[in-house]
Amino acid sequence: MYQNNDDFEIYEDEAASFIKIKDKYRHGHHPKPTRKTSYESNEDVQRWLKEQASESSASREFHPTMLSSQRDGPWIHSSLSQFYEEDLISDVLYIAKSGKEASVFCCVAHPDTAYDVLAAKVYRPRMFRNLRNDAIYRQSRVVVDEHKKAMGNSRAKRVMSRKNAKSRALQVSSWIGFEYETQIQLYEAGVHVPKPLSHIGNAILMEYLGDREKQAPLLREVILEAEEARPLFEQILADIELMFAHNRVHGDLSEYNILYWEGAVMLIDFAQAVDPRHSPAVLQLLQRDIERVCQYFSAYGIEASAQEIAYDLWSRYMGPLPD
Ligand SMILES: Nc1ncnc2c1ncn2[C@@H]1O[C@H](COP(=O)(O)OP(=O)(O)OP(=O)(O)O)[C@@H](O)[C@H]1O
Ligand SMILES: [Mg+2]
């Protein structure tokens with residue numbers, strides 16, 4: 001379902017450059033220029049996926065027809081087969097969205113899950129070199145080690161600053177783990193987010209908004225009825241507050257990360273979530289999230305001051321505003 005060949009090209013470049021990074025650090029010198037390598041022969045990528053897998057030793061047949069025609073099929077296949085082996089999904093139906101860093105697949109849910117379809121968000125190899133490294137994100141996230149234990153600040157800093165392959169892999173799984181843990185925490189707190197079901201290596205499995213034929217549109221793609229706008233706006237603000245009360249700021253909230261389905265909205269994509277207790281700079285992110293929401297709803301005649309809302313939230317939950 002990729003629209004054009006450029007997608008494949010980008011994908012192959014990413015795999016090749018991932019191998020280059022690994023080679024460089026393994027052999028301690030620059031590798032010879034490598035030929036573009038396909039996913040099938042990409043041992044490092046495959047090994048990383050295996051390391052991330054749980055103990056499941058099963059290798060039952062999992063051959064979704066939809067993936068067989070994809071040139072990136074093996075990467076996606078390895079990422080999703082763990083969910084298959086754990087009886088969470090039974091097939092892959094279509095790509096809901098193929099993004100820069102992750103693709104989201106609509107999967108048929110295993111009957112035991114009580115869902116009809118599920119969303120699998122699969123990160124691409126690009127994640128190995130494109131981790132967000134801005135100070136604000138570095139300061140505001142908890143780093144977890146290979147046993148999913150939170151690391152102390154100085155140990156985390158040491159590990160995260162290393163550039164070797166092991167540390168990159170740790171950074172990637174820590175990053176995705178934080179996204180997953182955030183989504184669980186928010187779901188349990190009652191924030192409107194898709195229910196997360198599992199996280200293995202570079203993939204997250206969650207409730208799917210949409211059905212077997214089509215995915216839910218983004219909020220930016222729908223035209224709301226006049227009377228829907230205000231309650232949805234208020235729900236989103238209530239969600240932002242509930243997140244804040246649970247020490248999370250979305251960090252990338254806008255009509256692009258809100259899905260609309262059957263009259264309701266849900267927030268998605270916690271890849272850039274941050275904890276306001278770790279840095280006063282998070283106030284800017286909170287304000288930006290609220291500004292984008294206010295901006296979207298201003299087209300429906302809703303007026304609100306994002307700054308006032310952000311300052312009010314901060315002072316109620318965090319205390320005095322930072323200088
Ligand atoms: N639970 C879900 N149900 C249905 N569709 C989803 C779900 N989660 C994500 N999507 C679809 O996949 C897209 C990408 O997901 P998400 O925003 O989490 O990833 P992303 O890393 O931001 O990707 P991109 O780089 O393309 O923005 C969403 O815009 C949405 O269309
Ligand atoms: Mg997104």
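Reader: Hi! I'm starting with D269; how exposed is it?

Author: Hello! D269 has a relative accessibility of 22%, so it counts as partly exposed. Please keep in mind that this is a predicted model.

Reader: Thanks! And which protein atoms are the donors of the magnesium ion (ligand 2)?

Author: The ion has N257 (OD1) and D269 (OD) as its protein donors, and they lie 2.3 Å from it. These two come from distant parts of the chain, 12 residues apart. N257 sits in the loop between helix 8 (226-245) and strand 6 (258-261), while D269 sits in the loop between strand 7 (264-267) and helix 9 (282-298).

Reader: Nice. Is N257 buried or exposed?

Author: N257 counts as buried, because its relative accessibility is 8% and the cut-off for buried is under 20%. D269, at 22%, counts as partly exposed.

Reader: Switching topic: how many salt bridges does a search of the whole structure find?

Author: The search finds 10 of them. Side chains of opposite charge can pair when their charged atoms come close.

Reader: Okay, helix 8 has come up a few times. At what angle does helix 8 pack with helix 9?

Author: The angle is about 175 degrees, and the axes of helix 8 and helix 9 are 11 Å apart. Helix 8 is therefore roughly antiparallel to helix 9, since angles over 145 degrees count that way.

Reader: Which residues make that contact?

Author: Helix 8 brings A229, L232, F233, I236, L237, I240 and F244. From helix 9 come L286, I290, V293, C294 and F297. The residues of this contact divide into 12 nonpolar, no polar and no charged.

Reader: One last thing, W261. Where does it lie, and what is it in contact with beyond its neighbours within four places in sequence?

Author: W261 is part of strand 6. Leaving those neighbours aside, W261 is in contact with L209, G210, D211, K214, A216 and P217. Its C-alpha atom is 8.8 Å from that of Q215, which is 46 residues away along the chain.

Reader: And how do K214 and D211 get on with each other?

Author: They form a salt bridge of their own, with the closest N and O atoms 3.0 Å apart. K214 is partly exposed at 44% relative accessible area, and D211 is partly exposed at 23%.

How values were computed. Residues are numbered from 1 along each chain as its sequence is written. Chains are lettered from A and ligands numbered from 1 in the order in which they are written. This is a predicted model: local features need pLDDT of at least 70, side-chain atom pairs count only at pLDDT 80 or more; totals for chains, interfaces and linings use all residues. Side-chain values use heavy atoms; hydrogens and water are left out. Donors are N, O and S atoms within 2.8 Å of the metal (3.2 Å for Na, K and Ca); water is not among the atoms, so sites may look incomplete. Helices (H or I, at least four residues) and strands (E, at least two) are DSSP runs, numbered from the N terminus. Buried means under 20% relative accessible area, exposed over 50%, partly exposed in between (1.4 Å probe, protein chains only). A salt bridge is a side-chain nitrogen of Lys or Arg within 4 Å of a carboxyl oxygen of Asp or Glu. Axes are lines fitted to C-alpha atoms, for helices over the stretch in contact, and angles run from 0 to 180 degrees between N-to-C directions. Angles under 35 degrees count as roughly parallel, over 145 as roughly antiparallel, 65 to 115 as roughly perpendicular and the rest as oblique. Contact means heavy atoms within 4.5 Å. Ala, Val, Leu, Ile, Met, Phe, Trp, Tyr, Cys and Pro count as nonpolar, Asp, Glu, Lys and Arg as charged, and the others, Gly among them, as polar.
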